[in-house]
Amino acid sequence: MNSTTYSQIGLRVRQLRRQQHRTQDELSIWLRAFKAPITRDMIANWETGRAIVPAFYIPVLAYALKVEVADILPRLTLKDLKAGQIMPVFRRPRGRPPTHL
């Protein structure tokens, strides 16, 4: 995923949190009660795109926000995959044969 995809996740977390009328502080307190070491500053950084939401926190956030994981993830399409938006395109250097393990 590229940085745009990651920032979409943060924006989606913000949107879902606001729909529930919860502050960043309230969400972080709830998460820490379940032993997730997530601070208000971390949530703020995710929501503003200054930091990437670690993948292993997405299910915890979904549970805290009472949504499915898919509700947090951006809508990705095959077109995005072909355009290199989901995964980086890896190219073999010219003139070099493929290596086999």
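Two residues are in contact when heavy atoms of each lie within 4.5 Å. In this predicted model, 51% of the contacts in the protein chain between residues at least 6 apart in sequence join residues at least 24 apart. The protein chain has 6 helices and 0 strands, and its pattern along the sequence reads α-α-α-α-α-α. Of its 101 residues, 28% are buried. The accessible surface comes to about 7,300 Å², and carbon and sulfur atoms account for 58% of that area.

The largest nonpolar core has 17 residues, and the members that touch the most others are Leu27, Leu31, Ile38, Trp46, Leu61 and Ile72. At least two residues of this core come from each of α1 (3-19), α2 (24-33), α3 (40-48) and α4 (58-64). The helix that gives the most is α4, with 4 residues. Ile72 shows how one core member meets several parts of the chain. Apart from its neighbours within four places in sequence, Ile72 is in contact with Ile9, Arg12, Val13 and Leu16, and also with Ile58, Leu61, Ala62, Leu65 and Val67.

Trp46, another of these core members, sits in helix α3. Its relative accessibility is 3%, and Trp46 therefore counts as buried, the cut-off being under 20%. Leaving aside residues within four places in sequence, the contacts of Trp46 are Gly10, Ile38, Ala51, Ile52, Val53, Pro54, Tyr57 and Leu61. Trp46 and Arg12 are 34 residues apart along the chain, and their C-alpha atoms are separated by 9.9 Å.

Is Glu47 buried or exposed? At 1% relative accessibility, Glu47 counts as buried. What does the side chain of Glu47 make a polar contact with? The partner is the side chain of Gln24, at 2.7 Å. Besides Gln24, Glu47 touches Gly10, Leu11, Val13, Arg14 and Arg17, with residues up to four places away in sequence not counted.

The buried residues in α3 are Ile43, Ala44, Trp46 and Glu47. Viewed down the axis of α3, these buried residues fall within an arc of 165°, so they line one face of the helix. Just after α3, Gly49 takes a positive phi of about 80°.

Ser28 lies in helix α2 and, at 0% relative accessibility, counts as buried. Not counting residues up to four places away in sequence, Ser28 touches Ile38, Thr39, Arg40 and Ile43. Two of these names have already come up: Ile38 among the core members with the most contacts to others, and Ile43 among the buried residues of α3.

The aromatic residues can be followed next. A pair of aromatic rings is described by the distance of the centres and the angle of the planes. The structure holds 5 aromatic pairs. In one of them, Trp30 and Phe34, the ring centres are 4.5 Å apart and the planes stand at 40°, so the pair is tilted. Trp30 is partly exposed, with a relative accessible area of 27%, whereas Phe34 counts as exposed at 52%. Phe34 also pairs with Tyr63: here the centres are 6.3 Å apart and the planes at 80°, so the pair is edge-to-face. Phe34 lies in the loop between α2 and α3 and Tyr63 in helix α4, so this pair ties together parts that are 29 residues apart in sequence. Both Phe34 and Tyr63 are exposed. Through these ring pairs, Trp30, Phe34 and Tyr63 are linked into a cluster.

Two loop residues complete the tour. His21, in the loop between α1 and α2, has a phi near 55°, a positive value in a residue other than glycine. His21 is exposed, with a relative accessible area of 72%. Lys66 is in the loop between α4 and α5 (69-72). Its phi is positive, about 60°, although Lys66 is not a glycine. Lys66 is exposed, with a relative accessible area of 69%.

Conventions:
Residues numbered from 1 in each chain as written. Predicted model: local features only at pLDDT ≥ 70, side-chain atom pairs only at ≥ 80, totals over all residues. Heavy atoms only, no water. Core = buried A, V, L, I, M, F, W, Y, C linked by side-chain atoms within 4.5 Å. Buried < 20%, exposed > 50% of the residue type's maximum accessible area, 1.4 Å probe, protein only. Polar contact = N/O pair within 3.5 Å; in protein donor to acceptor, adjacent residues only side chain to side chain. Areas by Shrake-Rupley, 256 points an atom, 1.4 Å probe, with all protein chains shown as cover. Arc of directions from axis to C-beta. Phe/Tyr/Trp six-rings, centres within 6.5 Å; stacked < 30°, edge-to-face > 60°.
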